[in-house]
Amino acid sequence: MRRKPPILLLQRSSSAASEPPLDRLTSQLLSILSQPNWQKHPSLKPLIPSISPSHVSSLFSLNALSFFRWISLKKRPHLIHTVHSHSRLLSLLLPFPSFLPAAHTLRISMINSSSSASDALFVLRGLRSLAALHNFNLTLRSYNFLLMSLSKFSLLDDLKSVYLDMLRDSVAPNLHTLNTMVNAYCKLGNVAEAELYFSKIAAAGLRPDTFSYTSLILGHCRNKDADSAYRVFREMPKKGCPRNEVSYTNLIHGLCEADRIGEAVELFCQMGEDKCEPTVRTYTVLVSAFCRLGNKSEAMKLFEEMAEKGCQPNAHTYTVLIDSMCKDYKVDEARKLLNKMLKKRLVPTVVTYNALIDGYCKEGKVEAAMDIKALMESNKCSPNARTYNELIFGFCKRKDVNQAMALLAKMLNLKLEPSVITYNSLINGHCKAGDFNCAYRLVNLMKDSGLVPDQWTYSVFIDSLCKGGRLEEAYAQLDSLKDKGVKPNEVIFTALIDGYCKVGKFNDAHALFDRMLTEGCVPNTCTYNALVDALCKEGKLQDAILLVEKMLSTGQMHTPYTYSILIKHMLKEGDFSHAHRLFNEMVCSGSQPDVFIYTSFIHAYCSIGDIEEAEKLMVKMSEEGIRADSLTYTLLINTYGRLGLLDSAFGVLKRMFDACCDPSHYTYSFLIKHLSLSKTNANIVRFDLASNFTDISDVWKTMDYQIALELFEKMVVHGCAPNGNTYEKLITGLCKEGRLEVAQRLYVHMKDRRISPSQDIYHSLINCCCQLQVYGEAAILLDTMIEVGYLPTLESSKLLVCGLFNEDNIEKAKAIFCSLLRCGGSSTTPSHLCSILSYRLRSHALVTERCPGNFTKAKWLETTLWHAGRDAYFVKKNSFVSLPACLSKCVNLWWLDLEGCRNSGAPTKRAPQLQHKDVRMKTCEGAQLYGSLVRMCLEENVFIGDLDYARKVFDEVLDRNPVSSTSWT
């Protein structure tokens with residue numbers, strides 16, 4: 001027969017002294033129950049009459065305590081005792097006096113297990129309750145640990161309350177108690193309150209120690225009073241208290257925060273006098289200060305000194321340097337530092353990774369940023385909301401709003417709350433892409449999320465509208481801000497002033513400037529620059545100079561752009577001497593000329609064919625540490641080409657490659673132009689002040705495949721072999737002119753050379769195929785694009801699907817559409833349609849723009865959405881993935897059908913008819929759902945051409961997804 005296991009799963013520890021004392025009967029029972037087949041033990045039956053309920057409970061408590069200790073000794077990584085498990089065990093032990101010593105130890109362990117403010121408060125409530133129920137009063141040691149726990153989470157009201165409880169319980173505070181109180185208030189900079197407790201130390205007949213004074217130093221520093229902190233620091237030896245590393249570090253930190261870096265370094269050098277060695281934190285404080293003040297060389301010197309002196313940098317030290325490098329646009333160096341950090345087996349935090357992601361995104365290298373995100377996830381570091389905000393900003397910066405929206409979907413799936421910053425980035429991205437309708441809908445989504453659009457939200461709108469020439473709309477937005485409770489800022493006024501200046505409405509610009517002053521909004525340098533530029537364009541250079549002087553009188557400073565405007569117009573008029581004088585004045589004033597000013601001079605010299613002066617300026621730029629940009633190099637390339645010096649032009653291209661500066665569309669245009677002219681011996685040297693970027697429009701119309709091959713050959717000869725960017729610029733240029741055949745040959749050529757086509761190449765080819773109505777080729781390209789992991793844009797998808805519909809190739813259109821639904825994959829969104837159709841709230845365009853009134857196509861589209869994208873569209877609380885989410889938080893796929901029924905007529909006459917429907921409208925959620933249909937008709941001017949059909953679709957949606965309180969809330 002199989003032996004039964006003992007009732008006690010755990011044997012008593014061999015260290016009997018650690019267990020609470022047991023009475024004789026309980027000890028006998030424990031011994032018996034620890035044996036196999038305990039039911040048949042001969043000693044058990046005689047004891048049964050003497051066993052009481054208290055003995056049984058005692059055994060339960062002991063078993064629980066033993067297990068609690070056993071599992072702790074095993075150090076299971078995923079099983080950490082919480083305040084709740086401690087509390088339950090305490091409740092079991094306290095009814096038995098024999099367990100009181102163990103309960104005291106467990107109470108301390110419970111206090112120390114608090115990992116959050118809520119835990120600390122739970123412990124406080126629990127201990128007060130146990131004291132009332134079991135007379136389990138806190139000891140001095142317990143009070144001290146509890147005070148430290150509350151201090152750790154800055155729960156000062158509760159801290160003070162516990163201190164008063166301590167006094168009421170006649171538990172005399174010791175030095176540790178009072179030091180905890182002093183330190184708690186000092187951490188928050190409340191020195192006045194801290195000094196009250198500091199004075200109690202002497203009143204209690206105790207002497208302040210190093211910790212007491214070090215806390216006061218911290219408090220003064222947090223209160224931004226470095227002088228008082230220094231005073232306490234100097235008093236310590238006089239009071240017989242030795243200074244330690246923390247005393248020095250706290251004061252050094254306070255001096256650094258006050259930008260008194262010299263004194264901080266001096267103090268750092270004095271540490272040895274007190275036999276103190278700098279700690280990792282001491283070094284990191286100074287490294288951080290040097291980085292913040294722009295002295296990176298000193299920061300690196302200290303960083304290297306740490307290792308030499310045996311003080312190894314920690315993760316925080318590396319993070320400070322990585323963040324600083326990224327802010328200085330030295331992201332590649334920062335990445336090397338991260339690799340070094342990982343090699344040393346230091347664990348980067350989310351802050352470390354975010355610094356790199358932000359750096360890459362600001363440089364436009366979002367693929368590299370996504371690689372960092374993948375790295376952090378592989379290292380078990382979860383991205384936070386800031387991670388996604390930075391990535392969304394990066395994709396929006398390069399106008400890839402589809403990827404940005406897919407990231408928003410991922411963010412929502414992870415239950416990360418988008419902020420105003422998230423929505424502002426997305427709104428900015430859509431505005432920059434010219435999609436104002438989606439930007440407006442995002443504002444509504446933002447409001448639905450409980451967020452309030454701020455000044456920057458409307459600044460983005462107004463600035464983009466102005467840049468798009470929609471000045472009346474932008475001005476209307478300005479006038480509407482008062483009703484929204486938003487005060488216009490200088491960015492909003494400047495955007496409008498600049499917009500009016502650019503279209504030559506100078507009087508309106510000046511009127512806005514006056515309004516700006518009247519409303520108490522102070523113009524900034526950008527505001528003045530816009531007006532200075534306008535005056536220069538009017539030929540009023542002297543008036544522009546006077547306005548600059550007025551700007552200086554208001555306390556505003558020159559910026560490189562201010563000088564750039566004036567210098568550019570002087571050079572345009574051929575006044576080189578005046579431009580050079582202004583340049584020298586700029587340098588003497590301490591203002592550093594930037595790449596735009598140098599490029600203005602280079603452009604001027606190139607325009608008159610003085611390539612030697614232009615090259616001298618390139619050398620000077622390099623000596624000043626200023627990197628030439630694509631425009632600067634392109635000007636030189638064009639000038640060499642016009643001079644017939646084609647090899648020199650390609651030599652500049654090689655310099656471009658070496659400087660990691662990507663050639664632009666114009667760069668290759670000029671090279672192709674001059675390469676073509678050299679073949680026909682038709683070199684024409686022309687020097688004028690007009691822009692040379694206006695005579696290349698025919699390059700892409702006439703370029704053939706052979707010229708492209710010759711371009712590649714020349715590039716190889718000069719050591720700058722064509723790369724992905726080369727092919728992208730050529731294919732994009734050709735596609736814009738409808739030169740699909742040559743573009744496709746280049747696409748094949750790059751693949752033969754094992755160069756992967758970029759996302760932009762696929763988009764250009766697909767759009768060109770659709771414009772030429774070669775939909776079969778476009779479909780193949782789209783499938784290939786999806787296979788390699790790229791996400792098609794809404795525009796490309798719409799052109800292809802609608803084109804196939806127009807050709808009545810319905811089956812192919814369905815196949816493409818379903819492919820689009822599936823291509824997002826689980827790693828990004830539930831359905832890629834969320835990003836390219838649903839989130840942008842424009843999928844109805846597939847129906848309304850190409851097949852108005854075609855109910856069969858509309859019905860198929862609605863059905864496909866239901867079956868293929870159900871998880872993406874239905875009952876996703878707070879995810880806002882429904883199509884008309886800008887109007888309501890419910891899912892309304894029938895809107896697609898409704899849009900398909902659009903007709904002419906007065907919507908306000910037909911929409912109210914919908915209000916009479918009462919089928920399945922018994923719940924408030926259903927009424928809200930149906931009410932949104934009415935509101936949409938009124939707000940979107942949708943006319944219901946076939947009311948019965950629309951109702952039928954609506955009924956079907958409700959049948960498939962019955963309304964419930966959980967579905968639509």
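Tutor: A crossing is called left-handed if the near helix is turned anticlockwise from the far one by less than a right angle, and right-handed if it is turned clockwise. What you see is a predicted model, in which local features need pLDDT of at least 70 and side-chain atom pairs count only at pLDDT 80 or more, while totals for chains, interfaces and linings use all residues. Residues are numbered from 1 along each chain as its sequence is written, and side-chain values use heavy atoms, with hydrogens and water left out.

Helix α8 covers residues 156-168 and helix α9 covers residues 175-187, and they pack at an angle of about 160° with their axes 11 Å apart. Because of that angle, α8 is roughly antiparallel to α9 (the word applies to angles over 145 degrees). As for handedness, α8 passes α9 in a left-handed crossing. On the α8 side, the contact is made by Leu-156, Leu-159, Lys-160, Tyr-163 and Met-166, and they meet Thr-177, Leu-178, Met-181, Ala-184 and Tyr-185 of α9 (contact means heavy atoms within 4.5 Å). Sorted by class, this contact has eight nonpolar residues, one polar and one charged.

The loop between α8 and α9 holds Ser-170, whose phi is near 60°, a positive value in a residue other than glycine. Ser-170 counts as exposed, at 68% relative accessibility (exposed means over 50% relative accessible area, buried under 20%, and partly exposed in between, with a 1.4 Å probe and protein chains only). Another loop, between α22 (401-413) and α23 (420-432), contains Lys-415; there phi is near 65°, a positive value in a residue other than glycine, and Lys-415 is exposed, with a relative accessible area of 69%.

Ile-261, Ala-264, Val-265 and Phe-268 of α14 make the contact with Thr-282, Tyr-283, Leu-286, Ala-289 and Phe-290 of α15. By class, the residues of this contact divide into eight nonpolar, one polar and no charged.

Leu-496 sits in helix α27 (residues 490-502) and counts as buried at 0% relative accessibility. Once its neighbours within four places in sequence are left aside, Leu-496 is in contact with Ile-462, Cys-466, Leu-471, Ala-474, Tyr-475, Leu-478 and Leu-512. From Leu-496 to Ala-474 the distance is 7.4 Å, C-alpha to C-alpha, although 22 residues separate them in sequence. Thr-639, placed in helix α35 (residues 630-642), is buried with a relative accessible area of 1%. Not counting residues up to four places away in sequence, Thr-639 touches Cys-606 and Ile-611.

Key:
Helices (H or I, at least four residues) and strands (E, at least two) are DSSP runs, numbered from the N terminus. Ala, Val, Leu, Ile, Met, Phe, Trp, Tyr, Cys and Pro count as nonpolar, Asp, Glu, Lys and Arg as charged, and the others, Gly among them, as polar. Axes are lines fitted to C-alpha atoms, for helices over the stretch in contact, and angles run from 0 to 180 degrees between N-to-C directions. Angles under 35 degrees count as roughly parallel, over 145 as roughly antiparallel, 65 to 115 as roughly perpendicular and the rest as oblique.
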